[in-house]
Amino acid sequence: MLDDFFIRALIGGIGVAIVAGPVGCFIIWRRLAYFGDTLSHSALLGVAMALLLDLNITLSVFFISLVVSLMLLFLQRRAALSSDALLGLLAHATLAVGLVVLAFMTWVRVDLMGFLFGDILAVTREDLAVIWIGGLVILAFLGVIWRRLFAATVNYDLAKAEGAMPDSTNIIFMILVAAVIAVSMKLVGVLLITALLIIPAATARRFSTSPEYMAVMASIIGAISVFIGLNGSLEWDTPAGPSIVVAALFCFIASLFPMPSWNSIKKKRASKFIGPQKERFE
C-alpha cells in the first residue's frame, strides 16, 4: 500500500497535521505567528547549508531554526529594537542568505519550487518514518510541558512566581517549533509551513470549549485539509502544498458562518426528551 505515492503523501500529511495542531494553538494563544514565519523562512538557509556541507536536510533545518530562535532571544536582550522588527530582520535575512548560497552552488541541481512550496508527492518511506517518529517525540515533549507552557501563556509573572520556570519552558517550546518546521518542510515548503500551523488552529478556536479540545480539533481540521487538498491536487493537477493550505482556508471561512453552538444542540436534544416525559405526568 505504501508504494502508492498518493497514500504516502496522505499518511505524511496527516502526520504533520496531527503535530502542527497543538503547536499551532500555542502559536495563536501567544501571538507568535510572525515567529513561526521567521523560523520557516530560515529553513531555506538550513537547506542550503545541508546541500553545501552534504548534511541531512531535516537535521540541518532543525539546527538553523534553533540557532535563529536563540539569536532572537539574544537580540531581544541586547538590541534596542522591538520584537517584530527583530523577527522581520531575521526572517528576510535568513531567506535571502539561503537563496544567495543556493545560487552560488551551480554544481548542485536544486528544486527551489519544491523547497519553497513543498513536494509532498515525492515523500518516501524514510520521510514517513521521520515525520511520525519525530512527531510523536514532539507531542510527548509538548505533553510534558503542557501545563507549565499554558500557565506561562496565560500569565508569565504568575507562572514565574509559582516556580513554573517560564523562561526554560519557552526555550523548549521554541525547540519544538523548530522541530515541527524541520519535519514538515518537505511536505508544504518553507513558505507555507506557518499557514499549516495557524489556519487549522484558528479554525478550531471557533468550536472549542477548552484548550485541550482546541488542540485536538486543530489536528482533526488539519488532517481534513490534507485529505481535501491532496484530492483536489490530484483532480485538478494543482500543487499539493498550496492546495492543502487552500483547503484549510476554506475550512476557516466555513467556520465563520453562524452555526448552532454545542450548548444549544444539547438543549434541543434535552427538550426532545423532556417534552414527552412532561406529557406523561400532566
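Buried means under 20% relative accessible area, exposed over 50%, and partly exposed in between, for a 1.4 Å probe and protein chains only. The tour below relies on these classes throughout.

The structure is a predicted model, in which local features need pLDDT of at least 70 and side-chain atom pairs count only at pLDDT 80 or more, while totals for chains, interfaces and linings use all residues. Residues are numbered from 1 along each chain as its sequence is written, and side-chain values use heavy atoms, with hydrogens and water left out.

**The whole chain**

Begin with the protein chain in cartoon view. It has 12 helices and 0 strands, where helices (H or I, at least four residues) and strands (E, at least two) are DSSP runs numbered from the N terminus. The C-alpha trace spans about 85 × 55 × 30 Å along its principal axes. Of the 282 residues, 44% count as buried. Contact means heavy atoms within 4.5 Å; among contacts between residues at least 6 apart in sequence, 75% join residues at least 24 apart.

**Stop 1: the loop between α1 and α2**

Select R31, which is placed in the loop between α1 (5-29) and α2 (33-53). What is the phi of R31? The angle is near 55°, a positive value in a residue other than glycine. Most residues other than glycine have a negative phi. R31 is exposed, with a relative accessible area of 78%.

**Stop 2: S40 and H41 in α2**

Proceed to helix α2 and display S40 and H41. S40 is buried, at a relative accessible area of 0%, and H41 is buried at 11%. Which backbone oxygen does the side chain of S40 reach? It is that of D37, at 2.7 Å. The side chain of H41 likewise reaches the backbone oxygen of D37, at 2.6 Å. Each is a polar contact, that is, a pair of N or O atoms within 3.5 Å; within protein, one must be able to donate a hydrogen and the other to accept it, and residues adjacent in sequence count only if both atoms are side-chain atoms.

Now show the surroundings, leaving aside neighbours within four places in sequence. On that basis S40 is in contact with I181, V190, I193 and T194.

**Stop 3: α8 against α9**

Select α8 (166-188) and α9 (193-204). Their axes come within 8 Å and cross at roughly 105°. Axes are lines fitted to C-alpha atoms, for helices over the stretch in contact, and angles run from 0 to 180 degrees between N-to-C directions. The two helices α8 and α9 are therefore roughly perpendicular to each other; angles under 35 degrees count as roughly parallel, over 145 as roughly antiparallel, 65 to 115 as roughly perpendicular and the rest as oblique.

Display the side chains that make this contact: V180, I181, S184, M185 and V188 of α8, together with I193, L196 and L197 of α9. These residues divide into 7 nonpolar, 1 polar and no charged. Ala, Val, Leu, Ile, Met, Phe, Trp, Tyr, Cys and Pro count as nonpolar, Asp, Glu, Lys and Arg as charged, and the others, Gly among them, as polar.

**Stop 4**

M165 is found in the loop between α7 (156-161) and α8. Is M165 buried, exposed or partly exposed? At 49% relative accessibility, M165 counts as partly exposed. Leaving aside neighbours within four places in sequence, M165 is in contact with R148 and A159. M165 and L149 are 16 residues apart in sequence and 9.2 Å apart in space, C-alpha to C-alpha.

**Stop 5: D237 and helix α11**

Select D237 in the loop between α10 and α11. D237 has a positive phi of about 60° although it is not a glycine. D237 is exposed, with a relative accessible area of 71%.

Continue into α11 (residues 240-256), whose 17 residues should span 24 Å at 1.5 Å a residue; the end C-alpha atoms are 25 Å apart, which agrees. The expected span is 1.5 Å times one less than the number of residues. Buried residues of α11 include A240, G241, S243 and I244. The buried residues of α11 pack against α5 (112-117), α8, α9 and α10 (211-236).

Finish at P242, also in α11. At 23% relative accessibility, P242 counts as partly exposed. Leaving aside neighbours within four places in sequence, P242 is in contact with F117 and L192.
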